[in-house]
Amino acid sequence: MKKTKVKVPIWGTWRCPPNGWVCLNTDGSVYFGRIMGGFHGLKLAWDIGWKKAKVDIDSTNALALVKNSTVGNDDVTCALVSEINDLIRKDWLV
């Protein structure tokens, strides 16, 4: 029996954020879940009092939706994107 190497893809590595920063990771399997995770993470960080938040998101579509404020697929997504942008515009670094 011949041994074969198993290749495991490495998509990236997590790095600890700089001092004073909090890192939010929205690693989800559902598009809406990533957006929802981003919203709740940002809201929690703001409510706790963090003033610097690094957001890691693994969906270019979700990121583009938030950055470009484009209309989502439904009213819930659109409202959530609006809430995220309201949080981003607060007096902090995101």
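Predicted model: local features only at pLDDT ≥ 70, side-chain atom pairs only at ≥ 80, totals over all residues.

Start with helix 1, which covers residues 31-48, and helix 3, which covers residues 75-88: the two pack with their axes 10 Å apart, at an angle of about 30°. Angles under 35 degrees count as roughly parallel, so helix 1 and helix 3 are roughly parallel to each other. Their crossing is left-handed.

Now zoom in on who touches whom. On the helix 1 side you'll find F32, I35, M36, F39, L42, K43 and W46, and these meet V76, T77, L80, E83, I84, L87 and I88 on the helix 3 side. Sort the residues of this contact by type and you get eleven nonpolar, two charged and one polar.

Search the whole structure for aromatic pairs and you get one. The partners are W46 and W92, with ring centres 5.3 Å apart and 70° between the planes. Planes over 60 degrees apart count as edge-to-face, so that's the label this pair gets.

Where do the two partners sit in the chain? W46 belongs to helix 1, while W92 is in the segment after helix 3, so the pair ties together parts that are 46 residues apart in sequence.

And are these two tryptophans buried or exposed? The cut-off for buried is under 20% relative accessible area. W92, at 9%, is therefore buried, whereas W46 has 22% relative accessibility and so counts as partly exposed.

Technical notes
Residues numbered from 1 in each chain as written. Heavy atoms only, no water. Axes fitted to C-alpha atoms, helices over the stretch in contact; angles between N-to-C directions. Helix = DSSP H or I, 4+ residues; strand = E, 2+ residues; numbered from the N terminus. Parallel < 35°, antiparallel > 145°, perpendicular 65-115°, else oblique. Left-handed = near helix turned anticlockwise from the far one by under 90°. Contact = heavy atoms within 4.5 Å. Nonpolar A, V, L, I, M, F, W, Y, C, P; charged D, E, K, R; others polar. Phe/Tyr/Trp six-rings, centres within 6.5 Å; stacked < 30°, edge-to-face > 60°. Buried < 20%, exposed > 50% of the residue type's maximum accessible area, 1.4 Å probe, protein only.
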